[in-house]
Amino acid sequence: MKHRKRRSKIKSSVELHPSETKQLVEYMDELQISRDINKNKGFLVSCLHKAQNLYGHISKEVQELIAEKLLLNLSDISALVSFYYFFSEEPLGTNAIYICNDIADRMNGVEEIDKIFEEELKIKFNEITPDNKFSLHHTPCIGMCDQAPSALINSTVITDLTPQKAREILKKLKTSKLKNLVKEYGDGNNAHSLVKSMVNNNIRKKGEVIFSEYITGKALKTALNITPSNVIDFIKKSELRGRGGAGFPAGVKWELTRDSSDEKKRIICNADEGEPGTFKDRVVLTEYPDLLFEGMTIAGYAIHADTGILYLREEYEYLLGFLEEVLDKRRKANLLGDSICPGQNIENFKFDIRIQMGAGAYICGEESALISSCEGLRGVPKKRPPFPVQKGYFQHPTSVNNIETYCCAGRIVEHGPEWFLKIGTEKSRGTKLLSISGDCEKPGVYEFPYGTTVKEILKKVKAEDTYAVQVGGPSGNLINKTEFYRKVCFEDLPTGGAFTIFNKTRNILGIVTSFMEFFKEESCGKCTPCRVGIKNLLDILNKIIEHNGNKNDLNQLLKIADTVKKTAFCGLGQAAPNPILCSLKNFRSEYEKYLK
């Protein structure tokens with residue numbers, strides 16, 4: 001299934017230049033292609049990225065070239081091109097414009113921005129200009145909800161769009177090159193020579209764990225002074241739970257991976273925060289990448305892994321060169337590679353990290369789908385058991401954690417589990433990074449100790465006249481005023497990080513519809529409950545919004561939502577009905593306004 005957009009109207013002919021073909025072949029040669037088909041598949045997504053960047057699309061001829069070079073079947077290549085959002089078999093414009101249309105952008109007037117781009121370019125969405133210079137597309141959350149409306153032009157991020165800014169951008173692009181578009185850079189490392197982005201970090205509140213003083217290498221050297229088993233004991237004693245939302249104990253996951261009989265172990269970091277309303281990982285990658293890589297290295301030491309993968313979402317490609325430089329510096333400082341901390345490391349520990357780019361598929365946030373993507377496959381969830389800790393990346397035991405979890409692990413090793421246990425609640429230790437956007441005066445990233453109430457957060461971000469709060473993105477909980485006493489923690493309001501605020505001017509059913517459309521587009525289509533059930537929910541929801549519904553339709557919504565939640569194959573399908581269920585529970589009167 002092609003996600004998010006339809007390209008059927010984009011037709012053009014682009015000749016393949018011999019020099020570009022040579023670049024692609026040389027790139028594949030640099031990857032050290034071997035007779036090991038699995039190894040080659042691991043490079044496949046990277047090769048497709050290179051081809052997309054060179055040609056602006058991935059034609060059948062290019063697919064055949066890649067298949068021949070990687071010793072793969074053409075069907076393996078075509079399957080990926082048709083699945084991932086940022087790959088296209090049809091040519092795109094030299095400037096492919098992707099305007100974000102998630103809930104934060106809609107709240108900030110993106111519809112007017114859409115009209116300006118269509119008027120100025122004289123094309124509709126999913127069309128290309130006659131000179132092949134521009135193509136226009138919609139995309140969901142690109143991790144910029146605190147500075148919406150936003151857009152991607154190829155891999156360049158444009159934030160805080162206004163009608164005037166949109167016209168100025170198009171005027172510049174018609175007469176100049178994309179690299180000359182951004183003149184003023186954001187704060188911190190956004191101004192780094194390898195980033196040069198207008199994005200702002202908007203770190204509003206620093207906490208005790210992640211956004212605190214950090215000395216490169218200190219935690220790793222502490223870890224290497226104790227045994228791998230001791231490191232895992234540290235993490236288990238700290239009661240660190242995975243920060244992705246499910247909250248599985250990180251120490252237990254590491255222990256299960258280490259105890260597997262397979263000698264080859266793998267570490268993967270999930271940096272594919274694709275859920276609307278979430279952007280805190282982007283800030284950590286920009287300002288604290290050393291802490292992340294240190295946490296991953298400590299995890300590698302603990303489970304006896306020699307390889308780590310950072311799975312970076314396509315929307316953050318503008319950070320790739322910068323992150324690669326951070327990794328190179330760590331290798332030169334003997335904090336990565338074949339000789340980590342020589343003289344201190346009695347185990348002769350070897351570990352390195354490579355960056356694997358995603359290609360635009362929300363489903364890859366699910367760990368087994370993410371592993372599939374790393375293996376050069378469509379990002380489709382796998383049947384469990386076996387679990388990744390038993391058979392993960394190319395059937396090797398694999399521990400998958402998100403950015404926050406690895407950062408917390410590094411701090412725990414540095415300061416000790418007792419220090420971590422003093423922060424948060426009895427069942428939720430430590431702090432939580434929240435991506436806060438919507439109707440508030442100070443959107444951005446905040447680090448709060450677990451146990452902070454919604455009311456306290458709303459006061460901190462200066463939100464007034466709040467009517468509803470979405471805690472945890474579309475898959476989370478939509479709560480009303482009667483629940484603002486509740487606490488952000490695993491035992492009450494768990495969240496992967498999104499925290500979106502709505503005042504009384506917002507249409508609840510419009511919000512729910514936006515979330516359900518997102519899930520419909522992002523479903524991989526593998527199972528019937530998700531593929532058919534979400535469409536049925538949307539049909540009934542639209543029927544109600546058009547004033548053609550009755551009370552029986554509300555009961556039908558509940559019935560279908562319950563069925564999808566119980567029978568869908570993976571976490572996406574199981575979470576997709578949540579916007580319907582939460583809004584019917586907490587905002588039923590909003591539905592009744594529309595009933596006959």
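Me: Where is I412 placed?
Reply: I412 sits in helix α15, residues 403-415. Helices here are DSSP runs of H or I, at least four residues, and strands are E runs of at least two, numbered from the N terminus. This is a predicted model: local features need pLDDT of at least 70, side-chain atom pairs count only at pLDDT 80 or more, and totals for chains, interfaces and linings use all residues. Residues are numbered from 1 along each chain as its sequence is written, and side-chain values use heavy atoms, without hydrogens and water.

Me: Is I412 buried or exposed?
Reply: Buried, at 0% relative accessible area. Buried means under 20%, exposed over 50%, partly exposed in between (1.4 Å probe, protein chains only).

Me: How far is its C-alpha from that of A219?
Reply: The two C-alpha atoms are separated by 8.3 Å, with I412 and A219 193 residues apart along the chain.

Me: New topic. How many disulfides?
Reply: 0. The cut-off is a pair of cysteine sulfur atoms within 2.5 Å.

Me: Now R204. Which strand is it in?
Reply: Strand β5, residues 203-205. R204 counts as partly exposed, with 38% relative accessibility.
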